Amino acid sequence: MQSVKDIPVPSAGEVIRKRITELGISQMELAARVGEHFQTISAIINGKREATVSLSVRIDEALDFPAGTIAMAQTRYLVDKEVGGKRLERIRDKRHIVIEKIKTNGGFWSYEGIPDSLSDDDVIESALVHLDLEDLPLLFGIWSKAHIKRVWKDRLVSQGKRMNVLNYILAVKLFRIKNPDKYITRYAHIY
């Protein structure tokens, strides 16, 4: 299920584009209604420029929006973009820490520096194999428990007896599975 914070916030341009489509007017007509140059309106709609407060009020009036609709959409979008960008930076930093720990413990030995080309699933699998148990909670700050568990089942449990000891430890300590032998046996045979 998608949470509210996962739903993208529409930009002011997207809100304007949707409304002019609903009203059946062109960008040129909107520009004439608000007394602004067509290129300015086009730049706002295409996300290349922000509307001033006074222009956003005129757009609200022209599109029959409550006052502040465009200014609020623009502000929410910019805040969401800023917060999202910082979140991605933090995740990238955490991912690099995990990769460095994996390299320190013998994984990714053939890579020079931080290998950004690795898939998330490759990093998770290597972390489960190479990291100490006390370092594994770092993964939950980057990926969901469900994603980590899926990678574990697909890539490690599926290897059967070869990984039994590690899989048992992960089942009990990391995933808190009540009957690990039965669980591991069931998923080892499916794959």
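The points below go from the whole chain to single residues.

1. Please keep in mind throughout that this is a predicted model. The protein chain has nine helices and zero strands, and from the N terminus on its elements run α-α-α-α-α-α-α-α-α. With a radius of gyration of 25 Å, well over the 16 Å that the globule rule gives for 191 residues, the protein chain is more spread out than a compact globule. Its C-alpha trace spans about 75 × 35 × 25 Å along the principal axes.

2. On burial and surface, 35% of the 191 residues in the protein chain are buried, while the accessible surface comes to about 12,000 Å², with 54% of that area belonging to carbon and sulfur atoms. Among the contacts with a separation of 6 or more, 56% are accounted for by residues 24 or more positions apart.

3. As to charge, the protein chain carries 30 positive and 25 negative side chains, and the centres of these two sets lie 7 Å apart.

4. Once its neighbours within four places in sequence are left aside, serine 56 is in contact with Ala51, Ile70 and Ala71.

5. Which helices do the buried residues of H6 pack against? Helix H6, residues 120-130, has Asp121, Val123, Ile124, Ser126, Ala127 and Leu128 as buried residues, so the list includes an aspartate and a serine by name. The buried residues of H6 pack against helix H5 (69-104), helix H7 (145-156) and helix H8 (164-174).

6. The structure holds two aromatic pairs. One of them is formed by tryptophan 152 and tyrosine 183, and this pair is stacked, at 5.8 Å centre to centre and with 5° between the planes. Because tryptophan 152 lies in helix H7 and tyrosine 183 in helix H9 (residues 180-190), the pair ties together parts that are 31 residues apart in sequence. Ring pairs link Trp152, Phe175 and Tyr183 into a cluster.

7. The C-alpha atoms of lysine 153 and tyrosine 183 are separated by 10.0 Å, although the two residues are 30 residues apart along the chain.

8. Aspartate 64, in the loop between H4 and H5, has a positive phi of about 60° although it is not a glycine, and at 62% relative accessibility aspartate 64 counts as exposed. Arginine 176, in the loop between H8 and H9, has a positive phi of about 55° and is not a glycine either; at 61% relative accessibility, arginine 176 counts as exposed.

Methods: Residues numbered from 1 in each chain as written. Predicted model: local features only at pLDDT ≥ 70, side-chain atom pairs only at ≥ 80, totals over all residues. Heavy atoms only, no water. Helix = DSSP H or I, 4+ residues; strand = E, 2+ residues; numbered from the N terminus. Rg over C-alpha atoms; globule rule 2.2 N^0.38 Å. Buried < 20%, exposed > 50% of the residue type's maximum accessible area, 1.4 Å probe, protein only. Contact = heavy atoms within 4.5 Å. Areas by Shrake-Rupley, 256 points an atom, 1.4 Å probe, with all protein chains shown as cover. Lys, Arg positive; Asp, Glu negative; His and termini not counted. Charge placed at Lys NZ, Arg CZ, Asp CG, Glu CD. Phe/Tyr/Trp six-rings, centres within 6.5 Å; stacked < 30°, edge-to-face > 60°.
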